[in-house]
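Keep the picture open beside you as you read.

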Amino acid sequence: MRIAVDAMGGDLGPLEVVKGVLEAAKQSRTHFLLVGDKSLLSPEVQRAGLTNVEVIPATQVIEMTEQPTVAFKKKQDSSLVVATRLVKQGEASAVISIGNTGAAMAVALLTLGRIKGIDRPAIATILPSNTGLAVMLDSGATVDCDPNNLYEFALMGCVYAEKALGISLPRLGLLSNGEEDSKGNDLVKRTNALFRQAFAGDTNLTFVGNIEGRDIYRGEIDVVVCDGFLGNVVLKTSEGVAEMIQTLLKEEMNRLGFAKAFALPLKPAFRALKKRVDYAERGGAPLLGINGVCIIGHGRSNAYAILNACKVAERAVENRIVETIRERISLSPSPPPLA
């Protein structure tokens, strides 16, 4: 397996990306292709002395502030475009980027194309819950959706839950402001009616109906479907709450003063909590619906998050996520006409 990594994206700089990839290379037989400034990357790779890491030169970088489609046209030798092109040419099995999210989506879409039968791609984010993990999509790829888009997201999300998380017969929920079928905006009401009809008797999933945001974290759902605008709000809010909880715990521990020693037995529990809610543990999210494995990571990703993004990419390839989505879409009936 060969995985291409855009080494020039991210808030912490290329060397942090290299550090994460080198650690992944130590733990895996996968061959990693670091794409970017050769003069910057090669010394670090040579110093590590690993045979399964290679530098692929790219002379340009797509910055966070650049308009995605314009950057794609003007910067054909950017690290992101070159890394994605390696997948298109069959020289890599997956691509990872923690740079400009919009650019990563645009480059993947324009370079790799969509799976036949998929109209819009979706970012599938893993969220923690009381009982394990849940998949939420879309988390920001497609902000304006129609019910058919959400139907496609549901199919792809259930495939990912099954293949990547090992959840057989995943429970599917439609995110709304209430559990009743009468709740929600026009999109949610129409989608609920579509799901009720399309998924009746489906042997690959269980549609439980509308769900509220709290249900995600209670562990009562496996796959959450919503448009990319709502999903991104949920994702960013969840990250903010998780960071706040960790900060408050640290502050309260520091207030204990001399009594802090009595709280030492709780440290393993605090570390376990941090591990469950930290986005770095998930590493990155797949862009589903694209003809290739594309993993998009958080712009603030550190080396540990990069390491885990590499693992996400490996699992996506090993579990044939793209191929299974393609098969499931081809076998699934077209959704009923919209009312």
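The domain bounds used here come from an automatic or database domain assignment. With that in mind, the protein splits into domain 1 (1-118 + 289-338) and domain 2 (125-279). Keep in mind too that you're looking at a predicted model.

How far apart are the C-alpha centres of domain 1 and domain 2? They lie 24 Å apart. The contact takes 20 residues from domain 1 and 22 residues from domain 2. Between them, domain 1 and domain 2 bury about 2000 Å², and 65% of that sits on carbon and sulfur atoms.

Now let's look inside. The largest nonpolar core has 64 residues, and the ones touching the most other members are Leu34, Leu137, Leu172, Phe195, Phe199 and Val225. Which helix gives this core its largest share? That's helix 6 (residues 147-165), with 11 residues. The core also draws at least three residues from each of domain 1 and domain 2.

Pick out Phe199 if you'd like a close-up. Leaving aside residues up to four places away in sequence, Phe199 touches Tyr151, Ala154, Leu155, Leu172, Leu205 and Phe207. There's also a second, separate core of 28 residues, and Ala71, Leu86, Ala92 and Ala104 are among its members.

Leu86 takes us to helix 4 (residues 79-88), where it is one of the buried residues. Helix 4 is mostly covered, with eight of its 10 residues buried. Besides Leu86, the buried ones are Ser79, Leu80, Val81, Val82, Ala83, Thr84 and Val87. What do they pack against? Their partners are strand 1 (2-6), strand 2 (31-36), strand 3 (53-57), helix 3 (68-74), strand 4 (94-97) and helix 5 (101-112). After helix 4 comes glycine 90, whose phi is positive, near 80 degrees.

Our last stop is helix 11 (residues 303-318). Helix 11 has 16 residues and reaches 23 Å from its first C-alpha to its last, close to the 22 Å expected at 1.5 Å a residue. At its start, a side-chain oxygen of asparagine 302 comes to within 3.2 Å of the backbone nitrogen of tyrosine 304. Helix 11 is followed by arginine 320, which has a positive phi, near 55 degrees.

How values were computed:
Residues numbered from 1 in each chain as written. Predicted model: local features only at pLDDT ≥ 70, side-chain atom pairs only at ≥ 80, totals over all residues. Heavy atoms only, no water. Core = buried A, V, L, I, M, F, W, Y, C linked by side-chain atoms within 4.5 Å. Buried < 20%, exposed > 50% of the residue type's maximum accessible area, 1.4 Å probe, protein only. Helix = DSSP H or I, 4+ residues; strand = E, 2+ residues; numbered from the N terminus. Contact = heavy atoms within 4.5 Å. Expected span 1.5 Å × (residues − 1). Polar contact = N/O pair within 3.5 Å; in protein donor to acceptor, adjacent residues only side chain to side chain. Buried area = accessible area lost by both parts, 1.4 Å probe.
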